Amino acid sequence: MSTASENFTSGYAAAEPQTGAVKLTMILSGAVFALMMVLGLAMRAAQSQWIGLDPDLFYQILTAHGAGMVGTAALSGAAIMWYFCGRYLVLGAAIFWAFLGLFLLGVALILGAIFIGGYGGAWTFLFPLPALSGGAWEASAAAAFMLGYTVIGVGFLLYYLELGRRIHARYGSLARALGWNLILGREDNDPPPPAIVAAAAVTIFNSIGIILGAAVLAASLVHLLVPGFEVDALLAKNLIYFFGHVFINASIYMAVTAVYEILPEYTGRPWTSNRVFAIAWNAVLIFVMAVYWHHLLQDVAMPPWMLVVGQLVSYFSGIPLIAVTAFSTFLYVRGSKMTWDLASALLVLSVAGWSVGSIPASIDGMISVNKVMHNTMWVPGHFHTYLLLGEVAMAFGFMAWLVRGRTIARMGGLDRAAFATYLAGAAGFVTVFLFSGAASIPRRWAVHYEEWLAHDRIGTLFSLLVVLGTLIIVLRFAARLRRSQG
Amino acid sequence: MQPVVLLISLVLMAALSAAFWLAARAAHGPAPGPGANGKRTGLIWAMTILGVLVSAGSLRQWPHALAAPGDALEVNVSGGQWWWDIDTTEIPAGTPVLFNVTTEDVTHGMGIYDSNLTLLTQVQAIPGYTTRITYTFEEPGSYRILCMEFCGVAHHDMVNEFEVVAGEE
């Protein structure tokens, strides 16, 4: 098995110039993931009535947890995609450092807004809630929160501009990088590898998402300064969910490049772009932008055709995921003689978690089901499945791979324990959320009724396991990083 | 509806998890045969046909039931940070009720719960809009309105009640 690994890695060794910046980003991501999970645990424990949290503080933690998790998922996804695109493109290191610097500046503004300014308007900042706190926070705190988002958005736009520019220079056009030659059956002597197809698609849809997000952030900031400046609340909600949905999806679509690039080292079978793969990614490019309407199914003022499209795309976007990415993973793994170490196990798990999480999401995307599931615990149930067991597992798998030894060895006892703890904790944790959603427990409530406590307490115990598994994985990464650089 | 949704979801999730588990266990077995790509095409078609059937079935009757019958009782519900105001506190069972929902400040979600704390229906309350849904209560009893959309520091306190009484025979 080690032979296959060496064959694949040796060719790339000279073409991975920014490993230091990526490793720094991943250790930051790991630390923030762990911290945000501790905040999640605190919220579940407060709902369980095992610890006391003032509702003010609970909703501040809710805001920090949501913004922190989404931001860190995107940060880690961006670092992973940058790293693997570096195998095919010459990317400017200064841009990555500017991106990381702007990200950290944004985080400082957001944390200040929440824990100094008391902002607790949720990461979704639904207009006009940031301006109407009922005395809980000042307009300046809401403005700092939104400025933090804006600064992070500027950093991401820089990142995508650089990536788009280099893809264009290397492959001639974004259309070719999206695999249109493969789709149209034209001859192409230099077809884009899967990581580049993904990078081209994400560059397009996330740039559009961030620009529309910036528009609603700017309008909300003006509203905070000049309260007479009104924005249509439904239009603002459309813009916020377009931005939010595209952004969080982009984090997984960036991180999946780790699966495309790393699994071949273990299986000895290169993951190549073909016609079905290219069609799937072009479908993703459209679907990921059209599906956000499923967040608005209970806004009956929306034109009905948009809600119908929301339902249809919710379901049909599962086809590229399950029939192409997940099915390809089955094929790559079967009969591969692959060695299971922490990296390969987490990466295969991540495709499984992502795919499995799409099932309750698609079902909730049906208008008739959404009527009794929307904004219940069902919703964190499905997105925690494809984030905790999907994007975060991809990030952790990439981290484990970054610090692996020269040859691939079987998982040691501690790695095995970390993997099992994380998997058991996460699977149990999300299942409790789904049961709670089916029991009609509303989400984002600081105080729970007695009838709901059993759900909360079982959920708290599972989230404790998730935190424990995460701590072992992140601390192992830090220790191995030190050793490999020492 | 919720138990059925949960059951279907868990069965499908377990089936997909099992497929991954079996693929992982087969890592040291034989490699996929030449028919693997054909299976992928079959899966794409199967998912497409299933999606068309389920979509057509679930959307044939518009799920929001916006068109209230002529004899519907109109009930006005307004929300604000952090209260619900209902202009009718006794609603007859068996009569279609048209809820007109408004908000005075931020976005809220009006979720109607029965006495067992089961969510029956919901709609969002959007600033500047009146949102409408129709619902027919079958059983007399005490019902609650809970806020479903995060609306600030007393979101969880935004609860009100109304009674459904036996309708006239």
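Select chain A and chain B together: the area buried between them is about 6,800 Å², with carbon and sulfur atoms giving 72%; buried area is the accessible area (1.4 Å probe) that two parts lose on being put together, summed over both. The model is predicted, so local features need pLDDT of at least 70 and side-chain atom pairs pLDDT 80 or more, while totals for chains, interfaces and linings use all residues. Residues are numbered from 1 along each chain as its sequence is written, chains are lettered from A in the order written, and side-chain values use heavy atoms, without hydrogens or water.

Next, display the residues in contact (heavy atoms within 4.5 Å): 87 from chain A and 73 from chain B. Across this interface there are 25 residue pairs in polar contact, both residues at pLDDT 80 or more. On the side of chain A that touches chain B, 56 residues are nonpolar, 19 polar and 12 charged. In this classification Ala, Val, Leu, Ile, Met, Phe, Trp, Tyr, Cys and Pro are nonpolar, Asp, Glu, Lys and Arg charged, and the others, Gly among them, polar. A polar contact is a pair of N or O atoms within 3.5 Å; within protein, one must be able to donate a hydrogen and the other to accept it, and residues adjacent in sequence count only if both atoms are side-chain atoms.
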